Amino acid sequence: MNEKIFDELFTEVKSGTKLAFENIQANHKGEGIASFALYSDNDALTICTTACTQAHFDNLEDWMYFEEWDCDWEEIDCLDKATDVLSRIHEVFDQTLDSNPEEKHEDLWRANTNLIFVTIVKALKSLLDEGLFGSEGERERFFLNFDISDSGVSDEDHKNWVRQLNTENVFNEYKSKA
């Protein structure tokens with residue numbers, strides 16, 4: 001698969017996420033953003049954002065609320081430009097499938113979606129390293145996540161993403177509840 005298109009995906013996820021997060025902060029000034037996530041579907045056809053304010057989490061039993069997490073979060077938006085890139089990736093990928101024996105399709109599909117998911121996490125990590133989500137101290141009460149809405153990822157992959165995107169204390173609390 002063409003590496004350039006994944007670079008474009010990285011760029012679009014990063015710019016769309018930054019804009020979405022900044023809009024959420026502006027819309028909830030003074031409320032405190034407790035969590036932010038990107039999520040996709042199992043086929044990697046869309047990328048959406050979701051966030052939750054501290055006030056919303058205060059109404060839950062636990063600020064580190066993981067079960068059905070995307071259902072109770074407040075702000076939801078799709079990254080349209082990144083989703084457009086995903087469509088182009090899938091078009092190229094479909095051509096790759098056509099040129100391979102059918103028995104290889106499942107493995108190729110899994111590798112392609114995994115590369116998409118890894119690219120999304122890299123974009124989030126890049127924004128994290130740039131300080132978009134606050135300093136490490138500020139992130140002790142902030143959960144950053146990437147997940148698949150219809151469970152197309154192993155628990156181990158998801159834990160690895162959560163580890164990359166959060167402080168050690170937040171990850172340990174997540175791990176104890178997940």
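**Exercise 1. Place L97 in the fold and find what it touches.**

Step 1. L97 belongs to helix α3, residues 80-98; helices (H or I, at least four residues) and strands (E, at least two) are DSSP runs, numbered from the N terminus. The model is a predicted one, in which local features need pLDDT of at least 70, side-chain atom pairs count only at pLDDT 80 or more, and totals for chains, interfaces and linings use all residues. Residues are numbered from 1 along each chain as its sequence is written, and side-chain values use heavy atoms, with hydrogens and water left out.

Step 2. L97 is buried because its relative accessibility is 14%, where buried means under 20% relative accessible area, exposed over 50% and partly exposed in between (1.4 Å probe, protein chains only).

Step 3. Not counting residues up to four places away in sequence, L97 touches H105 and L108; contact means heavy atoms within 4.5 Å. L108 is 11 residues from L97 along the chain, and their C-alpha atoms are separated by 7.5 Å.

**Exercise 2. Describe the setting of A44 through A44 itself, T113 and I148.**

Step 1. A44 sits in the loop between β1 (33-40) and β2 (47-53). Although A44 is not a glycine, its phi is positive, about 55°. With a relative accessible area of 0%, A44 is buried.

Step 2. T113 is part of helix α4, residues 105-129. Leaving aside neighbours within four places in sequence, T113 is in contact with A44, and also with N42 and D43. T113 counts as buried because its relative accessibility is 1%.

Step 3. I148 lies in strand β4, residues 143-148, and is buried at 4% relative accessibility. In sequence I148 and A44 are 104 residues apart; C-alpha to C-alpha, the distance is 8.4 Å. Not counting residues up to four places away in sequence, I148 touches S40, D41, N42, F117, V153 and W161.

**Exercise 3. Characterise the second largest pocket.**

Step 1. The volume of this pocket is about 190 Å³. On a 1 Å grid over the protein atoms alone, a pocket is an open set of points where a 1.4 Å probe fits, with protein on both sides within 12 Å along at least five of seven lines; lining residues have an atom within 4 Å of a point.

Step 2. The second largest pocket is lined by 13 residues, of which F21, Q25, G32, I33 and F142 are the closest to its centre.

Step 3. By class, the lining of the second largest pocket has five nonpolar, five polar and three charged residues. Ala, Val, Leu, Ile, Met, Phe, Trp, Tyr, Cys and Pro count as nonpolar, Asp, Glu, Lys and Arg as charged, and the others, Gly among them, as polar.

Notes. Points joined across faces, edges and corners; volume = space filled by probe spheres on them.
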